Amino acid sequence: MLQPGDDARDLIPVKAPGDDPRHAAGMAYLLLLLVHLLAAMAFAGTVLFEVLFLPGVRRRLPAAAGLRLEAAFAERARRIMPWVLLALYAAGLGLAWHHRGALARPLDSAFALLLVVKIALAASVFGHFLWAMVQQRRGRLDGPRSRRLHRSVLLHVLAIVVLAKAMFHL
């Protein structure tokens with residue numbers, strides 16, 4: 001029984017949230033999820049801008065200015081995108097590890113099946129990125145090839161976004 005002046009908190013054992021291993025795992029998952037989401041937004045936004053907005057803006061500018069704008073954007077993207085992709089894929093691997101049970105049985109649930117398809121599309125996007133780097137180093141990434149590549153990546157990214165949303169609602 002409590003005596004006057006006793007503090008009830010001293011008598012009731014309370015675990016701090018950090019003491020629970022499930023809390024730590026949940027926080028790690030949340031961190032991975034946020035890094036993955038933010039990197040995906042940066043990557044998808046860049047691809048969307050390159051495919052849908054940049055060509056229209058470039059056509060409205062004098063030819064030299066349009067080419068300089070596109071070159072400056074491409075140079076900036078080449079510097080930043082490898083880091084964005086590193087964060088995106090590293091966090092994606094961590095999230096995949098978290099869902100390894102579902103990935104081991106992809107036909108057991110809609111979630112697992114959509115996750116496998118999403119990962120396959122992400123691997124294809126990474127393949128596109130590697131192909132583009134090789135073609136650029138060989139001097140073969142001309143305008144038409146680059147446009148087709150960007151359109152393909154945009155379609156992949158849009159499918160990934162739809163799958164990511166559908167995974168939790170089907």
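This is a predicted model: local features need pLDDT of at least 70, side-chain atom pairs count only at pLDDT 80 or more; totals for chains, interfaces and linings use all residues.
1. How many residues line the largest pocket? There are 32, and E50, A74, L141, S146 and H150 are the ones lying nearest its centre. Click on those five if you want to find your way into the middle of the pocket. As for the space inside, the volume of the largest pocket is about 1,100 Å³.

2. Next, where the lining comes from. Helix 2 (21–60), helix 3 (63–98), helix 5 (110–137) and helix 6 (143–166) each give two or more residues to the largest pocket. Which element gives the most? That's helix 2, with 9 residues.

3. Now over to the second largest pocket, which holds about 920 Å³ of space. Its lining is made of 30 residues, and nearest the centre you'll find H36, L95, K118, I160 and A164.

4. For the second largest pocket, the elements giving two or more residues to the lining are helix 2, helix 3, helix 5 and helix 6. Helix 2 is the top contributor here, giving 9 residues.

5. What classes of residue line the second largest pocket? Its lining has 24 nonpolar residues, along with 4 polar and 2 charged ones. One charged residue to look for is K118, which is among those nearest the centre of this pocket.

Notes. Residues are numbered from 1 along each chain as its sequence is written. Side-chain values use heavy atoms; hydrogens and water are left out. On a 1 Å grid over the protein atoms alone, a cavity is a set of points where a 1.4 Å probe fits but cannot get out, and a pocket is an open set with protein on both sides within 12 Å along at least five of seven lines; lining residues have an atom within 4 Å of a point. Grid points are joined across faces, edges and corners, and a volume is the space filled by probe spheres set on the points. Helices (H or I, at least four residues) and strands (E, at least two) are DSSP runs, numbered from the N terminus.
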